[in-house]
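Please open the structure in your viewer and keep the selection panel at hand. The stops below are given in the order in which they may be selected.

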Amino acid sequence: MKIGILSRNAKLYSTRRLVEAAKAAGHEVQVIDALRCYMNINARTPSIHYKGEALEDFDAIIPRIGASVTFYGTAVLRQFETMGVYPLNESVAITRSRDKLRSMQLLAGKGIDMPITGFANKPGDIPDMLDMNSGPPVVIKLLEGTQGIGVVLAETRKAAESVLQAFMGLKANIMVQEYIDEAKGADIRCLVIGDRVWASMKRQAPDGEFRSNLHRGGSAALVRITPEERAVAVRAAKTMGLNVAGVDLLRSSRGPLVLEVNSSPGLEGIEKATGKDVAGGIIAFIEKNARANRTRTRGKG
Ligand code: ADP
Ligand code: MG
């Protein structure tokens, strides 16, 4: 097969591992920087050009679209979809997963449990929204943050009100979440490929921190997950329409709660913590599922 990887940097661990795994399985592979792709949109002969040449005859595209290039990256992926190329994750699913509130609404609609989550637009509505939630402490999040940046713990009602007012004053989109104290600064990352959890790790925040992101100094360890956690993770990825996803769960006293579903999960932390060949699993999934003109959400925005 001829596989394209949409990635800005061929030297990144995840990109390198995917290239390695594709080659090891005998495929032709090209790393494509989405920002260097340009295209004409037309009905008869959709095409994409890259550094002066047409990108043709790809069987599958692996999107590794960073949060800062979501808009252009998903536009390029959509163009590949229009050309009939199989996307590992579809552009619509990636766009959905980038908006934390939209994701939560979709998951809640399917009965998937999560921390109580609130959203308001006017500062005057903050007190009542906090009453609807669990009361302090609460977690306040920017809707489009990643790597733990833009996630704040407000320990008192006063702190929550002032942080919310400050964010609203900056016109930032935010949501408020029940703080899951019993998770003790840990979460579980489940790497879902298709309908199974391929690898899972527990991430623990450093002392004095509640965010377990590895970018925030969290540490990763192998973990055994329960059948319920396994089922929730797979269902969350399916609900978002993602074939490959990093589903983050919190262990709470009322069972596993979904925190977020990442459409371009990093491979380094999880491969190193678990010793599992995630990149190989992704290539195997593509071999089994890639067909031309199979994008389910094509033409559905
Ligand atoms: P990001 O997209 O920036 O990673 P997350 O929503 O995943 O944002 O939050 C970052 C981290 O903060 C999580 O991995 C988790 O450790 C912690 N966290 C987030 N929300 C909660 C919550 N409601 N209760 C307890 N811990 C939380
Ligand atoms: Mg996260």
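Begin at ligand 1 by selecting S212, whose side chain has an N or O atom 2.9 Å from an oxygen atom of the ligand; a polar contact is here a pair of N or O atoms within 3.5 Å. The model is predicted, so local features need pLDDT of at least 70 and side-chain atom pairs count only at pLDDT 80 or more, while totals for chains, interfaces and linings use all residues. Residues are numbered from 1 along each chain as its sequence is written, chains are lettered from A and ligands numbered from 1 in the order in which they are written, and side-chain values use heavy atoms, with hydrogens and water left out.

Next, select N213, which has a polar side-chain atom 2.8 Å from an oxygen atom of ligand 1. For K141, the corresponding distance from a polar side-chain atom to an oxygen atom of the ligand is 2.6 Å.

From K100, move to helix α4, residues 100–109, where K100, L101, S103, M104 and L107 are buried. They span an arc of only 160° around the axis, which places them on the same side of α4; the arc is taken from the directions from the helix axis to the C-beta atoms. Buried means under 20% relative accessible area and exposed over 50%, with partly exposed in between, for a 1.4 Å probe and protein chains only. Helices (H or I, at least four residues) and strands (E, at least two) are DSSP runs, numbered from the N terminus.

Which residues are exposed on the other side of α4? Select Q105 and G109. Then display what covers the buried residues, including α3 (91–97), β9 (138–142) and β16 (255–262); contact means heavy atoms within 4.5 Å. At the start of α4, a side-chain oxygen of D99 comes within 3.0 Å of the backbone nitrogen of L101. Just after the helix, G111 has a positive phi of about 75°.

Finally, select the open sheet of four strands, ordered β2-β1-β6-β7 with parallel pairing; two strands pair if DSSP finds at least two bridges between them. Its edges are β2 (28–32) and β7 (86–87), each with a single partner strand, so one side of each has no neighbour in the sheet. Strand β1 (residues 2–6) is joined to β2 by five bridges, and K2 has E28 as its bridge partner in β2.

How values were computed. A polar contact is a pair of N or O atoms within 3.5 Å; within protein, one must be able to donate a hydrogen and the other to accept it, and residues adjacent in sequence count only if both atoms are side-chain atoms.
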